[in-house]
Amino acid sequence: MPHDLFLATAVPPALDIALAERFTLHRDTPPPTTRAIVGGGMMTVDAALLDRLPELEIIAVHGVGHDGIDRAAAVARGIRIAITPDILTEDVADQAIALWLAVDRRIAANDRALRMGNWTVPLGRRASGRRIGIFGLGRIGQAIAARAAPFGGEIAYTARSEKSVPWRFVPDLATLAAESDVLFLAAPGGAETRGVVDAGMLERLGPEGVLVNIARGSLVDEDALIAALESHGIAGAGLDVFAEEPDVPFALRRMNHVVLAPHQGSATREARAAMAEMVVANLEAHFAGEVPPGLLD
């Protein structure tokens with residue numbers, strides 16, 4: 001008999017079909033016999049849920065984010081967590097650079113103006129030579145840095161520890177923000193980084209600074225960001241993630257110096273197909289008694 005699998009969030013149709021061929025799927029309430037959970041990177045799996053699933057063996061994430069999973073509780077119960085690393089790195093980094101350029105060169109604002117019949121628009125800003133700061137230098141942060149490097153400005157980063165990379169390490173985010181013209185957020189979500197970009201951090205970024213967030217909406221104090229944008233305390237923002245997705249504050253939606261995307265960092269046909277394949281590979285490896293290729297350390 002197929003193992004019981006709980007879908008904690010909606011997944012792409014191709015993955016849904018592939019899972020249905022291999023497991024008995026449950027979409028609303030997982031039975032106590034659930035052996036696996038699958039969901040996107042924003043799913044929540046807390047200790048209370050784990051307590052109700054004594055036979056759970058693996059949580060397979062369709063993505064790389066896992067801050068909604070109580071990892072300590074899972075580890076204590078011997079439950080594996082597997083993600084889809086590397087697959088989406090390049091696409092998320094592309095999205096980050098696209099958001100930055102769209103803000104500085106007013107791509108979205110000029111598109112709207114032209115569609116309304118306006119030919120004369122405000123000047124954009126040069127991207128080349130800008131000082132780039134990256135908060136979080138994992139796979140995605142490094143891919144962003146590699147893409148930003150040809151623009152010719154200095155690249156600095158803040159991470160838990162210094163890396164063997166050609167870019168300058170800055171030990172704290174406050175200093176990084178003060179020394180950046182464009183600040184990219186590529187750090188994990190969770191309690192450690194919640195609200196780390198607050199009013200003070202935005203003040204350090206300053207009136208010429210641009211914030212780009214392709215990490216998690218929880219990293220940013222959204223009210224403080226809105227206030228900084230409305231007062232032109234910072235020059236603009238490119239946002240792919242938000243505090244209360246899918247809700248996006250109207251204040252952000254009405255600003256021409258903000259470029260918005262509905263959490264589309266990994267949303268390419270190629271990435272989503274490969275991610276679905278890896279979710280299945282993680283599950284099949286686990287239930288075959290092997291190590292899932294995306295197993296978290």
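Biologist: Which residues of α4 meet α6?

Modeller: This is a predicted model. In α4, the residues in contact are T89, E90, V92, A93, D94, A96 and I97. Their partners in α6 are R139, I140, A143, I144, R147 and A148. By class, this contact holds 8 nonpolar, 1 polar and 4 charged residues.

Biologist: How do I read the geometry of such a pair?

Modeller: Two packed helices are described by the angle between their axes and by the distance between those axes. Here α4 spans residues 89-104 and α6 spans residues 139-148. The angle is about 50°, and the axes lie 8 Å apart.

Biologist: Are α4 and α6 oblique or parallel?

Modeller: Oblique, therefore, is the word for α4 and α6. Angles under 35 degrees would count as roughly parallel. As for handedness, α4 passes α6 in a right-handed crossing.

Biologist: Take α1 and α11. At what angle do they pack?

Modeller: About 20°, with the axes 9 Å apart. That angle makes α1 roughly parallel to α11. Helix α1 covers residues 13-22, and helix α11 covers residues 269-287.

Biologist: Which residues make that contact?

Modeller: From α1 come L15, A18, L19 and R22. From α11 come A276, V279, V280, L283 and E284. The contact divides into 7 nonpolar, no polar and 2 charged residues. The crossing of α1 over α11 is right-handed.

Biologist: Now to empty space. What is the idea behind the search?

Modeller: Rolling a probe the size of a water molecule over the atoms shows where empty space is left.

Biologist: How many cavities of 30 Å³ or more does the search find?

Modeller: The whole structure has 1 cavity of 30 Å³ or more. The largest cavity has a volume of about 40 Å³.

Biologist: What lines the largest cavity?

Modeller: Its lining consists of N213, G217, V220, E222, L225, L239, V241, F242 and A243. By class, that lining has 6 nonpolar, 2 polar and 1 charged residues.

Biologist: And the second largest pocket: how much space lies in it?

Modeller: About 250 Å³. The lining of this pocket has 16 residues. Nearest its centre lie M42, D67, R194, S218 and A243. The lining splits into 5 nonpolar, 6 polar and 5 charged residues.

Biologist: Last, the backbone. What should I expect there?

Modeller: Most residues other than glycine have a negative phi, and most peptide bonds are trans.

Biologist: Is the peptide bond from E245 to P246 cis or trans?

Modeller: The bond from E245 to P246 is cis, with omega near 5°. P246 sits in the loop between β11 (236-239) and α10 (250-253).

Biologist: Is phi of D86 positive or negative?

Modeller: Positive: phi of D86 is near 70°, and D86 is not a glycine.

Biologist: Where is the place of D86?

Modeller: D86 lies in the loop between β5 (80-82) and α4. Helix α4 is the one that packs against α6.

Methods
Residues numbered from 1 in each chain as written. Predicted model: local features only at pLDDT ≥ 70, side-chain atom pairs only at ≥ 80, totals over all residues. Heavy atoms only, no water. Axes fitted to C-alpha atoms, helices over the stretch in contact; angles between N-to-C directions. Helix = DSSP H or I, 4+ residues; strand = E, 2+ residues; numbered from the N terminus. Parallel < 35°, antiparallel > 145°, perpendicular 65-115°, else oblique. Left-handed = near helix turned anticlockwise from the far one by under 90°. Contact = heavy atoms within 4.5 Å. Nonpolar A, V, L, I, M, F, W, Y, C, P; charged D, E, K, R; others polar. 1 Å grid on protein atoms, 1.4 Å probe; cavity = no way out; pocket = protein on both sides within 12 Å on 5 of 7 lines; lining within 4 Å. Points joined across faces, edges and corners; volume = space filled by probe spheres on them.
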